[in-house]
Amino acid sequence: MENMQYAEELVREFLVFRGFTNTLQAFETERCTDIGKMFQVYKIVDLIFAVYIPKFHAEKLVGLFSFFKQCFSSWSETTMLDTFSKLEGSVLRCYIVHALQSGRKDKVVEFFGMNGNDLLLKGSDWTAWFAIPYVKNPSIDPQFRVYFSKEWYEALRLSVRNFFSEIFNARLPALLKISSEKNTISCLKKDNKRLNQKLLQLQALLEEKEAQLGLSKRSMGAANSSFQSSGIDGENLRPSSSSEDICAPATSYLGRIPQSEECAAAEPTKFASARVESSSRQDSYSASSLHSSFGGIDDTAQKLYGSHFDENGREMLREEEFPEVSVEFQETFLGHTSPITRCRFSASGNNIASASVDGTVRIWTYDSSIPASRNATIYCGAEIMSLDWECKSDRLLLIGTADGGIKAWNVDAKRVVCDLNTTDAFPSVLDLKCSPVEPIFVSAASSRRLGSNSIDSLGYASLTVWNMKTWKAMTVLPLGEDPPAITSLCFNHNGKILAASATDGMIHMFDMSAGLQITGWPAHDSAISSLLFGPDETSIFSLGSDGKIFEWSLQNQGRVLWSKTSSWFSEPQTSKYYRHEMALDASGRQLLATSGSVRAPIYQVQGHSNGFKTLPHSAAITTVDWHPSLPIFLTGSADNSVR
């Protein structure tokens, strides 16, 4: 009842705002005479059978069903959609029958003139009906006789009533959900305020402990000085630094998280993604919000850990000394049963696709407010090597496997709409990329050979352009004779340029309109495992299998704008089984890379600050991705989880 009253107030407010006074008066009149205060299905039935059909309002009748179809477009049950389509067809046939019984053949001809093309697209069972205006006695024709009977009319009216009764009792209009969502938000704000207060208390307690620790260190220093002045060797009396001595001052700037909470973060929870904020060397924590920003490391921690200087004289931390990134929330997805090979945000960021070695792809969402209607598990029967979402509609997911398969999964229909295969000579589909503009995608497939790791086992390359309407190969991009395997692909913003990286360290650039290579240069001494355009597309990033990361200028080819060596994270043992990759955030300032460690590095591109490390998994981090617009990132791991 409360939801209904709130929804009516919203309608009244909107009508007054728009100046729809006549509509407001009609709304108030009907509202006053509404006794049940609930959904009344008979009024919709009367609108169809007592107004639109008898008065020959064909356009309004078709528009009403189009409106219902739009409202129910989010249905996942195909049975209900099929039932609705059959009812719509029966009601339109009822309109034609009534027009013929009333002697208005002109209305039938007019109806087919307006809707004939749409009816033919719905099915071949409408073909015979186009002749009905010209049949002498359709009521006795065996093909149409049943539709002129009173029993059929009454059965149709009852079916329409029962259908709408079931649908609207199970599915509330969006207006009625606003009140409950408003109450939910109010409860969340109260919880937020309570957690803020608790966080302030913990912060105060932590600062108190830090002050005590500093006091004890000064006392110990004074004691050592007195020992030395007395001729006693202070080194023999100085206690060794325990883990508590080292960790306590450092954790004070790692997002204000006590040690017990930091350890708990390593345990798998329900789901995992982390929302991060723009970095700063100083702690920019705000007590009025749970929203945390990147923390820094204080002077004491830097002295304890050690540091070095870059070429500009700035003090830099080694990667293993990066501070842990502070997060607003973290969720862990534990649906997989084998190591994760790829995880990708959809183009809108609402859905996530994650794949594993056992050949399964799972589609899920980290946000409880997003409908779970797209959630699914796809069994592909082979190791998943590549994933990519269609950029425009956000409905199709492309999946590339180790046995040469390319599947197109429709997340709304929850089925494979196309199952393609590369040639037998190129069974490994290493990467897939959809054009951001055209209905095409490019596949990078490779032959196989014996090798000591995932890169060495790749043979020759094949780059194929596919049409996403016909699902057929359009062309093969030229790479020369016996080209090394292509490991990574990326389009520029308008889809006219395709960049591809190879196992021989080359970067290739293709003009997609001409289907030809326009330039290329040797970028690494080792194989390139990942490639990304910079945010303004004046540069391109490359990650080598040796852990070196370069940002190359596209305006001055061959010039390195920024570089980093990620050797600590790119351990050789992990490279045997996984191809390392990287991801840029929406601003292009933060670069996340995979890791042979349980944590992954987040580098500050062209920045003066050091970097950060992610919260820990329990095994190597094998795949990463950033949300297309929000400060949220994904890490997939060999521990079978995605965070």
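Helix α3, residues 41–52, contains 12 residues and reaches 16 Å from its first C-alpha to its last, close to the 16 Å expected at 1.5 Å a residue. The model described here is predicted. Its secondary structure comes to 13 helices and 29 strands. Of the 643 residues of the protein, 46% count as buried. Among contacts between residues at least 6 apart in sequence, 53% join residues at least 24 apart.

**Helix α3**

- The buried residues of α3 are Val 41, Ile 44, Val 45, Ile 48, Phe 49 and Tyr 52. These residues lie on the same side of α3, because they cover an arc of only 125 degrees around the axis.
- An α-helix has 3.6 residues a turn, so residues three or four places apart point the same way.

**The sheet β4-β5-β6-β7**

- An open sheet is formed by 4 strands in the order β4-β5-β6-β7, with antiparallel pairing. Its edge strands are β4 (340–345) and β7 (376–379), each of which pairs on one side only. Neighbouring strands of this sheet are turned by 15 degrees against each other on average, direction ignored.
- Strand β4 is mostly covered, with 6 of its 6 residues buried.
- Strands β4 and β5 run antiparallel and are joined by 5 bridges. Within this pairing, Arg 342 stands opposite Ala 355 in β5.
- The hairpin of β4 and β5 has 6 residues between the strands, and in this hairpin Gly 349 takes a positive phi near 85 degrees.
- Strand β5 (residues 352–356) is joined to strand β6 (residues 360–364) by 4 bridges, and the two strands run antiparallel. Ile 352 has Trp 364 in β6 as its bridge partner.

**The sheet β12-β13-β14-β15**

- A further open sheet has 4 strands in the order β12-β13-β14-β15, and its pairing is antiparallel. The edges are taken by β12 (428–434) and β15 (472–477); each has a single partner strand, so one side of each is left without a neighbour in the sheet. From one strand to the next, the twist averages 30 degrees.
- Strand β12 pairs with strand β13 (residues 440–448) in the antiparallel sense over 6 bridges. Cys 434 has Phe 441 in β13 as its bridge partner.
- In a regular strand the side chains alternate between the two faces of the sheet.

**Lys 433**

- Lys 433 has its place in strand β12. With a relative accessible area of 18%, Lys 433 is buried, because the cut-off for that class is under 20%.
- Not counting residues up to four places away in sequence, Lys 433 touches Asp 388, Phe 441, Val 442, Leu 489, Cys 490 and Phe 491.

**Ile 540 and strand β21**

- Ile 540 lies in strand β21 (residues 539–544). Its relative accessibility is 0%, so Ile 540 counts as buried.
- Leaving aside neighbours within four places in sequence, Ile 540 is in contact with Cys 490, Ala 499, Met 509, Trp 521, Leu 531, Leu 532, Phe 533, Gly 534, Phe 550, Glu 551, Trp 552 and Leu 554.
- Ile 540 and Ala 499 are 41 residues apart along the chain, and their C-alpha atoms are separated by 8.8 Å.

- Ser 545 is found in the loop between β21 and β22 (548–553). Ser 545 is partly exposed, with a relative accessible area of 27%.
- The C-alpha atoms of Ser 545 and Ala 527 are separated by 5.5 Å, although the two residues are 18 residues apart along the chain.

**Cysteines**

- A disulfide is a covalent bond between the sulfur atoms of two cysteines. With a cut-off of 2.5 Å between cysteine sulfur atoms, the count comes to 0 disulfides.
- Cys 187 is partly exposed, with a relative accessible area of 45%, whereas Cys 490 counts as buried at 6% relative accessibility.

Conventions. Residues are numbered from 1 along each chain as its sequence is written. This is a predicted model: local features need pLDDT of at least 70, side-chain atom pairs count only at pLDDT 80 or more; totals for chains, interfaces and linings use all residues. Side-chain values use heavy atoms; hydrogens and water are left out. The expected span of a helix is 1.5 Å times one less than its number of residues. Buried means under 20% relative accessible area, exposed over 50%, partly exposed in between (1.4 Å probe, protein chains only). The arc is that of the directions from the helix axis to the C-beta atoms. Contact means heavy atoms within 4.5 Å. Two strands pair if DSSP finds at least two bridges between them. Axes are lines fitted to C-alpha atoms, for helices over the stretch in contact, and angles run from 0 to 180 degrees between N-to-C directions.
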